[in-house]
Structures are given as structure tokens and as C-alpha cells.
Amino acid sequence: MGEYKLITDISKINLDNWREFVFNHPLGNVFQSPEMLQAYKGINNFKAEVICVVKQNVIIGILLYVIQKEGKGILSVLSSRSIIMGGPLAIDNDLKVIDLLLKEYKKNIGRRAIYTQFRNLFDIEFAHSIYAKNGFIYDKHLNILIDLTQAPEKLKSNISKNRRGNISKSLNKGACFIEIKDKPKYLECVNLINKTYKRIGLPCPGEDYFLKFYDELHPKNILKSFALEVDKKLVGTRLELCYKDTVYDWWAGADNKYKNFYPNDVIPFQILVWGHNNGYKTFDFGGAGKPGVPYGVRDHKMKFGGELVEYGRYLHIHKPFLYYMGIIGLKFYKIIKHGIFHRKK
């Protein structure tokens, strides 16, 4: 390792230097920032850790990862995984630094997670050989990006005719798009998100997760919350992470009883306009599934006129037996949660 120094003790990393490194890196993103680390601190079922590479007291590499799980007991065991968004970051995309980070990461993660998944936010082909050398398997995965430098009129014209019609209908019927400014209203958004995830049978973090992110990131103007209201009732919401020149779509929820107000059409479009008006250049619409595999979420997102990109993911399975058991467990979780919710209704 020679002149390079690896640091994993957060207390020994200068946060200002870390912040500057990520912000000035061409591929720097919110998910590798110290602000994200602080947001995760103390949240049940989430543990954020970092590996830092230093050369002559200057940070030249960062890897922030989050070990997360669902619930308690057997579900916790079957769902423990490490997720890495937008990392690692190395100065000048130095492959030696990336290799050091991956090696140290594998040593640190040990068997604390069933698997590791890198979710790429940019083209990582330049480092493919390094990932492969360290036992990570590339998995094709799509993402959708929308250019926010276009004028609002162009952003709207890029949207499918049907979606444009839905947006007009909703606003003409009195629906109101708002930015959430206070915590009580934010908690209404969180409640709607949780209800939505229960309805579709997917796990969702508890209120403590969303509150911690609000307390840490809302004052810094990183977390933005938007909603659609009908007669003062919140019927749809989206939470966004805003960093540098990018708006990252994060969490969403909608009340099925108000489908005829099309919150899932109105809110994304209004966020695009908001992003343009506030100087952002890119809207990252998030995951769009695997190429060639039908995916309704992708079909919906593509109607907003974005560019489909394949940055893919990297996977390393640490516990093969539990990994495949976990896949089965998640399916059962979805079935059980979905069934319970509908019986309660």
C-alpha cells in the first residue's frame, strides 16, 4: 500500500475535506457525502460506514456503504445486505485507489451482510476489470435521466400526450402542487409513503428513518418534499435529494382514492419545472429495471421524456444459501403484507 493510508474510523476523517472531495469530484453525488453518513446515524436497521483513502494527508478516495435489514428475527437475518450508491469515488478515477477501496471493503464487510450491491449512478465501464478482479459480478440495470436545462415548455412537450392531458385535468379540477416546508406536513407525506408501500407489498423504513433525514438534510436544502393537495388533503407526494446540479428521485406515495387527480403524473412534471427554475441540470428518475424485461414502473417513467441509460449494478454474494432464501423470503413478505393490507381494507 506504500504511501496510501486507509481510514475506516469516522472520527479520524476530516468531514470538511471529505465534503470538498465529493463536491469537486466529477462523479460526486449525495450518496457518498458526509451529510448522508450523518443522516443514517442512529436509525434502526441501518448502519452507514465509510472507507477513506488518504495520500499525504489529502483524501483521494471515498466509499460510503449502508448495511440495512428489515424488521427483526428471521426477516432481519434474511434481509441483511450492504447497498452502495454512486461509489466508490477515486481521484481521477484512479483504478489503483478503487482496487484498494474494494479490497478493504470486502475485508470490512466480512459476513455481516448476505450480499453487496453497487448501484451505479454513472458509467463505470472504466473500472469493470477491477470489480471483476474483486469478485463482483456485473448485472445489467437501467436508469432514466431527464435534462433539466430545457425550458419548461420543452419539458412539457416531451411528456406523452396522455400524461399532459392528465396533468391539465388534475390542475383544472383544483389540485394544488406544493413544496412541503414544515415537519407536520412532512409527516403526512411519510404516512402516505408508508401506506403506499404496504398496499403494493414492499418493505418501507419506519418513521424514525424519514424524520432523521428531515432533521439532517432539510435544513441543508438537500432534502426537498413535494405534494399534491385536493381540498387541503394530501393525495400524493415525492421526496427528492438535491445535490450539486442533480435532483435524485427518492421516495413516492399516492392515495389510490384520488387516482382521478393523477398525482403520479402531476408531481413529477412539476418537480421537473421546479428543478429547471432552481438551476438544476439533471433529474435522476432512478431505477428502471432490467433491459428486455417488462417493467411497468419504467413504462410510466419513460412517458416523461427521459433518456434510458444502462449503468448497471455490481453484485457480490457473501452468503449464497441465505441470499437465495432471502429472495424467497421477500416474495413471501410481499404476499403476506399485501394480503393483510387488503383484508384490513
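Me: Over which residues does pLDDT stay under 50, and how many contacts beyond four places in sequence does the model have there?
Reply: This is a predicted model, and its pLDDT stays under 50 over residues 340-345, for which it has four contacts beyond four places in sequence. As pLDDT is the predictor's confidence on a scale from 0 to 100, that stretch can be set against the average of 93 for the protein chain, where 93% of the residues score at least 70.

Me: How do you know what span to expect of helix α7, residues 161-172?
Reply: The expected span is 1.5 Å times one less than the number of residues; α7 has 12 residues and reaches 16 Å from its first C-alpha to its last, close to the 16 Å expected.

Me: What makes β9 and β14 edge strands?
Reply: Seven strands form an open sheet in the order β9-β10-β11-β12-β13-β8-β14, with mixed pairing, and β9 (176-180) and β14 (307-309) each pair on one side only, which is what is meant by edge strands here.

Me: How do you know that β11 and β12 pair?
Reply: Pairing requires at least two bridges, and eight bridges join β11 (residues 233-243) to β12 (residues 246-254), so the two count as paired, and they run antiparallel.

Definitions and conventions:
Residues numbered from 1 in each chain as written. Predicted model: local features only at pLDDT ≥ 70, side-chain atom pairs only at ≥ 80, totals over all residues. Heavy atoms only, no water. Helix = DSSP H or I, 4+ residues; strand = E, 2+ residues; numbered from the N terminus. Contact = heavy atoms within 4.5 Å.
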